[in-house]
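Visitor: I would like to learn how to read a protein model step by step. Could you guide me through this one?

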Amino acid sequence: MNFPGETRVITLYTPVTLEGGVTLNEVRLREPLVRDRIAFSKEKGSEDEKEARMLAQLCNLSEQDIWQLTAADYAQLTDAFNVFMLPPAERPKKS
């Protein structure tokens, strides 16, 4: 499916090796849609678990892939997600 909107590329501080031996050095996070927020609200589990699953989906990764990230790299994803909550004109420019 082709998603409208913006994407952000996040370079990981600590690359991770995914199942199958692929090394993940960067993650592409797409702008969330309303359906992503609705799916989040319907998910089961703690707020942290629900957030991790939503971020995994927005990055086209599995939940298990997200679990392998360091806390600092996960924080980069949540920071980028929070930028998407701003109106486009107020978002910081991509570096």
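Visitor: In what order do the elements of the protein chain run from the N terminus on?

Guide: This is a predicted model, in which local features need pLDDT of at least 70 and side-chain atom pairs count only at pLDDT 80 or more, while totals for chains, interfaces and linings use all residues. Residues are numbered from 1 along each chain as its sequence is written, and side-chain values use heavy atoms, with hydrogens and water left out. Helices (H or I, at least four residues) and strands (E, at least two) are DSSP runs, numbered from the N terminus. Here the order is β-β-α-α-α-α, with 4 helices and 2 strands.

Visitor: Which residues of α2 are buried?

Guide: An α-helix has 3.6 residues a turn, so residues three or four places apart point the same way. Buried means under 20% relative accessible area (1.4 Å probe, protein chains only), and in α2 this holds for Lys50, Ala52, Met54, Leu55, Ala56 and Leu58.

Visitor: What covers the buried residues of α2?

Guide: Judging by contact, meaning heavy atoms within 4.5 Å, the cover includes β2 (23-30), α1 (34-42), α3 (63-67) and α4 (71-84). Of the 95 residues of the protein chain, 36% count as buried.

Note on methods
Buried means under 20% relative accessible area, exposed over 50%, partly exposed in between (1.4 Å probe, protein chains only).
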